[in-house]
Amino acid sequence: MRQKIKRTFRVSKYVIYKETLVDYKEHFWSFLGAFFGIGIIAFIQSHYLLEQENIFLIGSFGASSVLIYGAIQSPLAQPRNLIGGHVLSALVGVTIYKIVPDILWLSAPLAVAFSIVLMQYTKTLHPPGGATALIAVTSSGKIPELGYWYALSPVLSGCVILLLVALFFNNITPNRSYPNHSRLKRLLKKKHEHKMKK
């Protein structure tokens, strides 16, 4: 257990170090990705939705943008985490809101806590997902009226837009690679080593 904690700390330190190196080209692509990802969602909201439906852009997408455009090697920024974390958290938030709609001091922490555990259990941990769950229980007006449709739009549809933009801008140069396939390579290597032992 102690060795695992040390390894996790070393990997985290490396990822944070690598992501904070001053590389103006990387910053440029991060900027463009975030600008276009959020920009497309905001454009759709501004031009194609009626004022009373104006909820296509939710705050947790800003936090997701930091990860998927600025920390692309992070395990928390991978497509499975982006989509799974947001959608599962949205479903949790709506469910909690339906069970305890008028007790904010209870519904807010329940929504966030359950969403974290569900993301951990499904290996889709994505920190902005907690905000997505919180938005479901704290918003007034259109979002509560949406019910479970909230998970489909704005959440899933917005995540798909952010992901498509990330796939484009994070792979536009040879120095950037998204999604990070190192986890998949490790799993395949372990599987191969396991077969060789037999």
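Biologist: Where does Thr124 lie in this model?
Modeller: This is a predicted model. Helix 5 covers 104–121 and helix 6 covers 128–138. Thr124 lies in the loop between helix 5 and helix 6.

Biologist: Is Thr124 buried or exposed?
Modeller: The relative accessibility of Thr124 is 5%. Buried means under 20%. Because 5% falls under that cut-off, Thr124 counts as buried.

Biologist: Which side chain makes a polar contact with the side chain of Thr124?
Modeller: A polar contact needs a pair of N or O atoms within 3.5 Å. Here the distance is 2.8 Å. The partner is the side chain of Thr122.

Biologist: How many helices does the protein have?
Modeller: From the N terminus on, the elements run α-α-α-α-α-α-α-α-α. There are zero strands. The count of helices is nine.

Biologist: What share of the residues counts as buried?
Modeller: The protein has 198 residues. Buried means under 20% relative accessible area. The buried share is 37%.

Biologist: How many residues apart are Glu26 and Arg176?
Modeller: Glu26 sits in helix 2. Arg176 sits in the loop between helix 8 (149–169) and helix 9 (182–197). The pair links distant parts of the chain, 150 residues apart.

Biologist: Are Glu26 and Arg176 buried or exposed?
Modeller: Glu26 is buried. Arg176 is also buried.

Biologist: Which residues gather in a patch of positive charge?
Modeller: The patch is on the surface. One of its members, Arg10, lies in helix 1 (residues 2–20). Arg10 is exposed because its relative accessible area is 55%, and exposed means over 50%. The patch is made of Arg2, Lys6, Arg7 and Arg10.

Biologist: What is the area of the nonpolar surface patch made by Phe31, Phe35, Phe36 and Ile40?
Modeller: Phe31 is in helix 2 (residues 24–48). Patch residues need over 30% relative accessible area. Phe31 has 53% relative accessibility, so Phe31 passes that cut-off. The patch area is about 410 Å².

Notes
Residues are numbered from 1 along each chain as its sequence is written. This is a predicted model: local features need pLDDT of at least 70, side-chain atom pairs count only at pLDDT 80 or more; totals for chains, interfaces and linings use all residues. Side-chain values use heavy atoms; hydrogens and water are left out. Patches are made of residues with over 30% relative accessible area and no salt bridge: like charges are joined within 9 Å, nonpolar side chains (Val, Leu, Ile, Met, Phe, Trp, Tyr) within 5 Å. Accessible areas come from the Shrake-Rupley method with a 1.4 Å probe; for residues, only the protein chains shown count as cover. A salt bridge is a side-chain nitrogen of Lys or Arg within 4 Å of a carboxyl oxygen of Asp or Glu. Lys and Arg count as positive and Asp and Glu as negative; His and the chain ends are not counted. The place of a charge is taken as NZ of Lys, CZ of Arg, CG of Asp or CD of Glu. Helices (H or I, at least four residues) and strands (E, at least two) are DSSP runs, numbered from the N terminus. Buried means under 20% relative accessible area, exposed over 50%, partly exposed in between (1.4 Å probe, protein chains only). A polar contact is a pair of N or O atoms within 3.5 Å; within protein, one must be able to donate a hydrogen and the other to accept it, and residues adjacent in sequence count only if both atoms are side-chain atoms.
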